[in-house]
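Please find below a short note on the structure under review. It is written for a reader who is new to describing how two chains meet.

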There are 2 protein chains.
Amino acid sequence: MSQTLQSFLDALASSAPAPGGGAAAALMGANGAALVSMVCNLTIGKPKYAAVEGDMRALLAKSEALRGRLTQMMEDDQAVFNTLMSAYGLPKQTDDEKATRKQAIQDALKRATEVPLACARACAEAITLSREAAEKGNLQVISDAGVAAAAAEAGLKSAALNVWINAPSIEDKAFADSARKEIDRLIEVGGLDTAAAYALVKSKL
Amino acid sequence: MSQTLQSFLDALASSAPAPGGGAAAALMGANGAALVSMVCNLTIGKPKYAAVEGDMRALLAKSEALRGRLTQMMEDDQAVFNTLMSAYGLPKQTDDEKATRKQAIQDALKRATEVPLACARACAEAITLSREAAEKGNLQVISDAGVAAAAAEAGLKSAALNVWINAPSIEDKAFADSARKEIDRLIEVGGLDTAAAYALVKSKL
């Protein structure tokens, strides 16, 4: 988070394997949460929107907490990647070493599934908040609620890809199936919510 | 581009009217282009992908040029916003002043439509490049091509909202109609291309 936008994009574009799609997913979700906050901040205190003042304050508290979680996830993604690489790099000469390495890889794969799953959940939450911003926010900045929903949905769809990559290599099939089922549901509901928020914003322009 | 990610997101979330959805749109497009470059950079030079080496080098040149254009658009968006605010702030006492102000606002509105339209075109191009990356890129990083497409589509849908906001206030109806028609087409084609790229990536995981 202390990198400049330019250096982040340069690192993303480079042959360095991280940051990659996982960090980009969390960043898009954070953009979505930030834009919900912007709509709230430009609605709160306006006499015309006094009736929704309490709702917008509550929404702002949620969007800012969510933004904090999503920015943290950019770093979690990097940590998970490092853990997975370390596990693959463990020695594998003796049977004991092989068993230890295998367990470390399985643990790292689970973590590499849980982190994007948490990111997908947070992005789905950002979509829900965007929809409320689109319903109640200041009309002068209502387009930003539509951008928020689009950004958060892209984050959700991106995080899902990272769940799908790792799930097939996980030997705990119940864990893998549960993760896949949850992602399918998040994508389905998130897609409908995004379409509703976007159409609502478009109808108000 | 010299701001940190944290300060950009803080400014996005704040009550400052810029940066807003326009800058976020260009940033998402730039994320998409950067991830296409990442896929290229992790495919070029691998013996297994020698057959597509030339294609990937050509794709990388396109994605890096596009990334440069999209990052520039983050600044164009800010400039357009300032121009529009200056135009609205012009004096409007005399008839001459009123006429000058009206013309300045109309010119600024056209520019405020052209800039997101250019961003939408660039995002559509990023989707096309993502699809090629999904078709030919290194399977180990193919998910990043899917993230690239999702990010670029979110940028396109976001830029479209900024075209739709300004178009109704433009008195040159031929200009406004042409912009709206182009956006509708970009969204339709971009949506299909994104779905194709994303499905292709998912099938390869």
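1. Basis of the note. This is a predicted model, in which local features need pLDDT of at least 70 and side-chain atom pairs count only at pLDDT 80 or more, while totals for chains, interfaces and linings use all residues. Residues are numbered from 1 along each chain as its sequence is written, chains are lettered from A and ligands numbered from 1 in the order in which they are written, and side-chain values use heavy atoms, with hydrogens and water left out.

2. Extent of the interface. In chain A, 54 residues are in contact with 54 residues of chain B (contact means heavy atoms within 4.5 Å). About 4400 Å² is buried between the two chains, and carbon and sulfur atoms give 70% of that area (the accessible area, with a 1.4 Å probe, that two parts lose on being put together, summed over both).

3. Salt bridges. The rule finds four salt bridges across the interface of chain A and chain B (a side-chain nitrogen of Lys or Arg within 4 Å of a carboxyl oxygen of Asp or Glu). A:K157 forms a salt bridge with B:E153, and their closest N and O atoms are 3.9 Å apart.

4. On the side of chain A that touches chain B, at least two residues each come from α1 (5–13), α2 (21–41), α3 (53–88), α5 (142–166) and α6 (173–204) (helices are DSSP runs of H or I, at least four residues, numbered from the N terminus). The largest share, 15 residues, comes from α5(A).

5. Two residues compared. Is A:N162 buried or exposed? A:N162, in helix α5 of chain A, is buried, with a relative accessible area of 12% (buried means under 20%, exposed over 50%, partly exposed in between, with a 1.4 Å probe and protein chains only). Leaving aside neighbours within four places in sequence, A:N162 is in contact with A:G21, A:G22, A:A112, A:P116 and B:S143. A:V189, in helix α6 of chain A, counts as partly exposed at 41% relative accessibility.
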